[in-house]
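Hello,

Here is the structure we talked about. Please open it and read the notes below alongside it.

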Amino acid sequence: MSSVQLINITKSFNENKVLNNIDLSIKEGEIVSLLGKSGCGKSTTLQIIAGLIQPDSGDILFNQSSVLNVCTQKRNAVIVFQDYLLFPHMTVYENIEFGLKMKGEKKYIRKLKVYKLIELVKLKGFEEEYPSQLSGGQKQRVAIARTLAINPKVLLLDEPFSNLDINLRNEMREFVLDLQKKLKITTILVTHDKEEALMMSDKIAVMIDGSINQFDTPINLYKKPTSKEVANIFGDRNYIRGCLKDKVFKSDVVTLNLNIDKDYENIELMIPTENVKVSSKDYKKGIDGFIVKKRYAGEKTYYHVDIDGFIIKSSSYKGDYEENEIVKVSIDTKNIIYFE
């Protein structure tokens, strides 16, 4: 295991700045996700940690010692890519054994380690199979086992589940999470999937345009984002602008009692869609509106409700209402964030 620290890391390609003063501190045994859209610098950051790319400036510390000038092979930080990169002419056993052979391990030690890893990644009975004979999830397990064979201090996962179908993806997430907790290996996961990051991470670094916008726990990022950009990554939100005086928020759309002590002439509320409750028109509380859009999504139904020309969005476990139906809308003020 190793702690990982990035200090003022910058990187440009052809005068295009990809990373801008990245600071990140990861504790031993933590699993941390780098989350953001394509092109935000996630994979570049991962490859800099692995030593595959040299930063323009800054430093990388493993256990508080710089590895900036340590070659990739000696850093003990290994990447598992989404494309598996298995050797097609080698069996499962031979693929896992490969790194140990390169390190010059004795044959009997290699055999002990490989069979232990095959057991660990639940591939017993597949030792003599070739990659072409395996499912996507099995290939990913082989790639992970091959990585673990050389006892890396840091495990780097570059969107490892993106090529899998949704059921297999969920299965592999649980598998990797259980494995990571069992081995207590420091793990950094690159993903653009917010659900994946929320489910798997001790902490998440949200990356926007080559910078880390917020580094926090999953629950804080969802409930207490420090910017609209971060908030929008974690789900659809409502934004209502108005003024706040004596703990009363007033806008053209709603009036709300809020537990905010300071007065603001111009304030914007961020209201999660799950805080917006849609009820029948006969409900005594709420504001009149009518449904202009309904999207059924299994467990939840998503509504767009028109209130005097303002569209407010709701996600509800009730799918009882239809488009053009008049309804009442009420807002739960818990977890409401505001921006000046």
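Predicted model: local features only at pLDDT ≥ 70, side-chain atom pairs only at ≥ 80, totals over all residues.

Which residue lies over the face of Y239? K228 does, at 4.7 Å from the ring centre. A charge sits over a ring if NZ of Lys or CZ of Arg is within 6 Å of the ring centre and within 35 degrees of the ring normal. R237 also has its charged end over a ring, that of Y222, 4.7 Å from the centre.

Residues are numbered from 1 along each chain as its sequence is written, and side-chain values use heavy atoms, without hydrogens and water.

Next, the aromatic pairs. The whole structure has 4 of them (Phe, Tyr or Trp rings, the six-membered one for Trp, with centres within 6.5 Å; planes under 30 degrees apart are stacked, over 60 edge-to-face, the rest tilted). In one, Y264 and Y338 have ring centres 5.6 Å apart and planes at 50°, so the pair is tilted. Y264 is buried at 10% relative accessibility (buried is under 20% relative accessible area, exposed over 50%, partly exposed in between, with a 1.4 Å probe and protein chains only). Y338 is partly exposed, at 31%. Y303 and Y321 also form a tilted pair, with centres 6.2 Å apart and planes at 55°. Both Y303 and Y321 are buried.

Last, R75. R75 is buried yet has no salt bridge (a Lys or Arg side-chain nitrogen within 4 Å of a carboxyl oxygen of Asp or Glu). The nearest side chain of opposite charge (Lys and Arg count as positive, Asp and Glu as negative; His and chain ends are not counted) is D59, 7.8 Å away.

Best wishes
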